[in-house]
Amino acid sequence: MSQIASIAPPGNGGGGDMSLMEHLQELRTRLMWVVGSVILGTLIALLFAEPILEFITSPLTRVGDRPQAIGPTDTIVQVFKVSLTTGAAMAMPMIIYHLIAFIAPGLYPHERRALLIILPGFMALFIIGVSFAFFILLPAAINFLQGFLSEAIRQDWTIDRYTSFTTRIVFWIGVAFEMPLVVSFLA
């Protein structure tokens with residue numbers, strides 16, 4: 001079941017003849033592959049952590065500001081946090097493959113076919129949503145938030161809160177862009 005052929009139909013769409021323990025073993029194997037790919041992606045992202053952080057903070061630096069670190073470990077924590085997030089994003093194709101390969105034997109042939117047809121659209125819409133959020137929405141939001149009550153309150157953003165804000169906005173806008181396909185598939 002751990003080969004790419006496992007996406008092929010089992011015949012009747014009923015999920016095959018695996019016992020509960022065999023299903024759990026299959027899940028364990030697939031989870032090990034997923035965790036391994038996230039770890040590998042994180043290690044690769046650690047090598048490029050500084051350019052990645054510079055890229056993430058670029059919308060803020062364009063308005064003439066830089067995030068600050070208040071605590072002694074804030075910078076190192078952000079390096080690992082950003083590396084883990086980037087590693088998970090890099091591992092996303094492997095995660096999606098193993099998720100689909102695990103659930104596909106339990107789907108009927110027409111459901112499996114629809115899922116495989118719609119899958120590239122999910123990835124494309126997520127990438128479009130992330131790009132829209134980072135390059136269009138985030139700079140506008142930062143300009144607005146930096147200027148909001150700027151005469152009364154000084155805006156000094158911490159790196160922790162800035163990266164959390166940025167990753168949440170970018171991720172959830174990317175997910176929101178996928179919703180038309182999700183609704184279409186469920187219908």
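**A serine and its surroundings**

Modeller: Let's start with S83, which is buried, with a relative accessible area of 1%. Keep in mind that this is a predicted model. You'll find S83 in helix α3. Leaving aside residues up to four places away in sequence, S83 touches T42, A45, L46 and A49.

Helix α3 runs over residues 74–90, 17 residues in total, and reaches 24 Å from its first C-alpha to its last, close to the 24 Å expected at 1.5 Å a residue. Its buried residues are Q78, V82, S83, T86 and G87. They sit on the same side of α3, because they cover an arc of only 165° around the axis. What do these buried residues pack against? Three helices: α1 (20–47), α2 (49–62) and α6 (159–186).

Take α1 next. Here the length agrees with expectation as well: its 28 residues should span 40 Å at 1.5 Å a residue, and the end C-alpha atoms are 41 Å apart. The buried residues of α1 are E26, R30, V34, S37, V38, G41, T42 and A45. T42 and A45 are both on that list, and both are among the residues that S83 touches. So which helices do the buried residues of α1 pack against? They pack against α2, α3 and α4 (92–103).

The side chains of R30 and E26 meet in a salt bridge, at 2.7 Å from N to O. Being four residues apart in helix α1, R30 and E26 are separated by about one helical turn. Are R30 and E26 buried or exposed? Both are buried.

K81 pairs with D160, with the closest N and O atoms 3.6 Å apart. That pair links distant parts of the chain, since K81 is in helix α3 and D160 in helix α6, 79 residues apart. K81 is partly exposed at 31% relative accessible area, and D160 also counts as partly exposed, at 34%.

The other bridge joins the side chains of D156 and R154, at 2.6 Å from N to O. D156 is partly exposed, with a relative accessible area of 35%, while R154 is exposed, at 70%.

To finish, a look at the surface. L20, M21, L24, L27 and L31 form a nonpolar patch there, with about 500 Å² of accessible area together. One of them, L24, is found in helix α1 and is partly exposed, with a relative accessible area of 43%. Elsewhere, A152 lies in the loop between α5 (109–147) and α6. A152 counts as exposed, with 66% relative accessibility. How far is A152 from D17? The two are 135 residues apart in sequence and 68 Å apart in space, C-alpha to C-alpha.

Note on methods
Residues are numbered from 1 along each chain as its sequence is written. This is a predicted model: local features need pLDDT of at least 70, side-chain atom pairs count only at pLDDT 80 or more; totals for chains, interfaces and linings use all residues. Side-chain values use heavy atoms; hydrogens and water are left out. Helices (H or I, at least four residues) and strands (E, at least two) are DSSP runs, numbered from the N terminus. The expected span of a helix is 1.5 Å times one less than its number of residues. Buried means under 20% relative accessible area, exposed over 50%, partly exposed in between (1.4 Å probe, protein chains only). The arc is that of the directions from the helix axis to the C-beta atoms. Contact means heavy atoms within 4.5 Å. Patches are made of residues with over 30% relative accessible area and no salt bridge: like charges are joined within 9 Å, nonpolar side chains (Val, Leu, Ile, Met, Phe, Trp, Tyr) within 5 Å. Accessible areas come from the Shrake-Rupley method with a 1.4 Å probe; for residues, only the protein chains shown count as cover. A salt bridge is a side-chain nitrogen of Lys or Arg within 4 Å of a carboxyl oxygen of Asp or Glu.
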